[in-house]
Amino acid sequence: MRRQRSSPRAGWEQIVADQGMCYGTPARDATGADRPYWDESVHYVFDMDEVLSIEASVEVLHSMCLEAVENVVLTGRYRDFGLPEWSWEHIEKSWRRSDPHLYGRFDLRYDGRRPPVLLEYNADTPTTLLEAAILQWHWKTDVYPEDDQWNSLHEKLVARWGEIRDRLPGAETYFTWSGAELSGEDHVTVAYLQECAAEAGLNTVGLAIEDIGFDADLDRFVDLAEAPMDSIFKLYPWEWMLDDDFGRRAVEQMPATMWVEPLWKTLLSNKAILAVLWEMYPGHPNLLPAYVDDPHELTEYVRKPKLGREGANITIVGPGFETETGGVYGEEGYVYQLLDPLPQFDDMRPALGAWIVGDESAGLGIRETSGLVTDNGAAFVPHRIPQ
């Protein structure tokens, strides 16, 4: 694994815009100055044996995560996850029904010298999908046409939609996002997934989540034409839904109305799953020591809110220093994970986002930042595998 500089393609801004990249909030370089969020002036190079090893680790982690959900459901350990008590029985029912799941992104620390370790699992609303599946593939094809890339995301997303199509009720599947997300990233991600589903033969409809209605007479969710909604893909966190009456209705309507991602993924998208994994698989080479609500023996650690996002409300305690980020999370409790800083390549720290689609490893996206926390100032950079 190495970081390499190269010249951006002429007119790259228009190229990526034509491929759907409509959000361009600047990232930051090591000096704090703006840099492009999509930055093809640098990329990472991997040997094929490295990629095959990480790919195998991702599928092992996915299998372990499913076992961890079973463990939580069997032991009724929901309180550690900071989720409302009324939702617990519905989470169990969702898991027991095997409500279908689509995809997820494991965020890994990897330096090319030792096995990758799991930092967190974005199992409910992962983004950077368009960049990983489409933008970097076209970059590689244009700039390094003879090389390979760890990237079968598009093909596997289409295949996965085909697998779960007949398990979704109704003639149409709605694709929903929040109109309050102003960057456009969520809308673009949903539009891309809708395209994949349509390619798999689903009848799809796009609708902002704020436009979903509820017909009290029919006791059903309805669209703007007051037609019942039977299956819905959402890019909106379950924990936000569970905070209000909308979420109560959503879980009470299941499985007549089916949601993707399923409710049981509230457990995997919660940082508390890191502690459950460490309890179940202590010393595993792809895990870091992690504990719920207490650091135990850890003297150097990262404190993460169980439901935190975008690097918010993170506290890092290291040798002789302590730093924290701001935000609105933490009331739900924290997880303490051993501090294992991201490696430095030049003056930047890459976090590997390894994708799972269905139950198969599917590709890699890389975000890099100069700091210890991968936050919304990180840039996305492509990768390649030389032939």
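Is Arg9 buried or exposed? At 10% relative accessibility, Arg9 counts as buried (buried is under 20% relative accessible area, exposed over 50%, partly exposed in between, with a 1.4 Å probe and protein chains only). The model is predicted, so local features need pLDDT of at least 70 and side-chain atom pairs pLDDT 80 or more, while totals for chains, interfaces and linings use all residues. Residues are numbered from 1 along each chain as its sequence is written, and side-chain values use heavy atoms, leaving out hydrogens and water.

The structure holds 29 salt bridges. One joins Arg9 to Glu40, at 2.7 Å from N to O. Glu40 lies in the loop between strand 3 (34-35) and strand 4 (42-45), and Arg9 in the loop between strand 1 (2-5) and helix 1 (12-18), so this pair ties together parts 31 residues apart in sequence. Helices (H or I, at least four residues) and strands (E, at least two) are DSSP runs, numbered from the N terminus. Glu40 is buried, at 1% relative accessibility. The side chain of Arg9 also meets that of Asp142, at 2.8 Å from N to O. Asp142 lies in helix 4, so here the parts tied together are 133 residues apart in sequence. Asp142 is partly exposed, with a relative accessible area of 47%.

Another salt bridge pairs Arg79 with Glu85, at 3.9 Å. Arg79 is exposed, at 57%. Glu85 is exposed too, at 52% relative accessibility.

Aromatic pairs were counted next (ring centres of Phe, Tyr and Trp, the last by its six-membered ring, within 6.5 Å; planes under 30 degrees apart are stacked, over 60 edge-to-face and the rest tilted). The count comes to 19 aromatic pairs. Phe214 and Phe221 form an edge-to-face pair, 5.4 Å centre to centre with 80 degrees between the planes. Phe214 is partly exposed, at 25%. Phe221 is buried, at 1%. Phe221 also pairs edge-to-face with Trp259, at 5.9 Å and 90 degrees. Phe221 lies in strand 10 (residues 220-222) and Trp259 in strand 12 (residues 258-260), so the pair ties together parts 38 residues apart in sequence. Trp259 is buried, with a relative accessible area of 1%. Elsewhere, ring pairs link Tyr103, Trp161, Phe175, Phe233 and Trp355 into a cluster.

Charges also sit over rings (NZ of Lys or CZ of Arg within 6 Å of the ring centre and within 35 degrees of the ring normal). The charged end of Arg249 sits over Phe214, 4.4 Å from the ring centre. That of Arg384 sits over Tyr144, at 4.0 Å.

Helix 6 (residues 185-199) has 15 residues. Just after helix 6, Gly201 takes a positive phi of about 100 degrees.

Ser361 lies in strand 19 (residues 360-369). Ser361 is buried, at 0%. Its contacts (heavy atoms within 4.5 Å), leaving aside neighbours within four places in sequence, include Glu55, Trp150 and Trp355.

Key:
Expected span 1.5 Å × (residues − 1). Salt bridge = Lys/Arg side-chain N within 4 Å of Asp/Glu carboxyl O.
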